[in-house]
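Dear colleague,

Please find the structure below, together with its sequence. I would be grateful if you read the notes that follow with the model open beside them.

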Amino acid sequence: VVDKLKSVQKSDIYVVDIIGRNNKWPEGKTRKIVINLARHNTIQLYYDALRRGDVILNEAYPAPSFEIISAIKSFNCDCFHIVGVEATAFPRFTQAYQGGIPCCAAWNSDEKKVIIKKLT
């Protein structure tokens with residue numbers, strides 16, 4: 001997933017916003033990566049903009065619910081969740097951050113592995 005994201009043009013990335021829909025989204029058959037940095041249920045506001053093959057990259061906590069993932073899959077789209085950076089926290093994080101720590105709690109290092117999980 002990370003390698004695919006590195007090859008994406010900046011103009012192909014669209015960020016969801018809780019305030020309202022970005023009118024600059026492409027219409028038709030253009031595939032896109034949609035990044036949810038807002039709130040966990042914000043993607044629901046954008047269901048009608050999803051197209052076959054779109055990729056949802058969620059960073060919001062908590063990860064999307066089963067119902068949201070099912071809806072995304074019904075559009076033939078994939079949904080991934082950024083867990084964070086591979087690390088151990090005490091006490092350990094549960095659910096969306098399991099196996100890592102949030103990116104905002106990590107320090108910048110080329111040695112740190114970012115964990116991205118496909119949600120099914």
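The notes below describe confidence, overall layout, the nonpolar cores, the salt bridges and two further residues.

This is a predicted model, in which local features need pLDDT of at least 70 and side-chain atom pairs count only at pLDDT 80 or more, while totals for chains, interfaces and linings use all residues. Residues are numbered from 1 along each chain as its sequence is written, and side-chain values use heavy atoms, with hydrogens and water left out.

Confidence is expressed as pLDDT, the predictor's confidence in each residue, from 0 to 100. The protein chain has a mean pLDDT of 77, and 74% of its residues reach 70 or more. Confidence is lowest in helix α1 (residues 2-6), with a mean of 54, and highest in helix α2 (residues 66-74), with 91.

The protein chain contains 2 helices and 6 strands; these are DSSP runs numbered from the N terminus, with helices being H or I of at least four residues and strands E of at least two. Along the sequence, their order is α-β-β-β-α-β-β-β. A contact means heavy atoms within 4.5 Å. Of the contacts between residues at least 6 apart in sequence, 45% join residues at least 24 apart.

Turning to burial, 36% of the 120 residues of the protein chain count as buried. Buried means under 20% relative accessible area, exposed means over 50%, and partly exposed lies in between (1.4 Å probe, protein chains only).

In soluble globular proteins, nonpolar side chains tend to be buried together. A nonpolar core is here a set of buried Ala, Val, Leu, Ile, Met, Phe, Trp, Tyr and Cys residues joined through side-chain atoms within 4.5 Å. The largest such core has 13 residues, of which Ile-43, Tyr-47, Leu-50, Ile-56 and Ile-72 touch the most other members. Helix α2 gives the most to this core, with 4 residues. A second, separate core has 6 residues, including Ile-35, Val-55, Leu-57 and Ile-82.

Which residues does Ile-56 contact, leaving aside its neighbours within four places in sequence? They are Val-34, Ile-43, Leu-50, Ile-72, Asp-78, Cys-79 and Phe-80.

The whole structure holds 2 salt bridges, a salt bridge being a side-chain nitrogen of Lys or Arg within 4 Å of a carboxyl oxygen of Asp or Glu. In one of them, the side chains of Asp-54 and Lys-32 meet at 2.9 Å, N to O. This pair links distant parts of the chain, 22 residues apart: Asp-54 lies in the loop between β2 (33-36) and β3, and Lys-32 in the loop between β1 (13-15) and β2. Are Asp-54 and Lys-32 buried or exposed? Both are buried.

Lys-118 and Asp-78 also form a salt bridge through their side chains (3.3 Å, N to O). Lys-118 belongs to strand β6 (residues 114-119) and Asp-78 to strand β4 (residues 78-86), 40 residues apart. Lys-118 counts as partly exposed because its relative accessible area is 46%, and Asp-78 is likewise partly exposed, at 34%.

Two further residues may be located on the model. Ser-65 sits in the loop between β3 (55-58) and α2, and its C-alpha atom is 8.2 Å from that of Asn-41, 24 residues away along the chain. Lys-73 is part of helix α2 and is partly exposed, at 45% relative accessibility.

Yours sincerely
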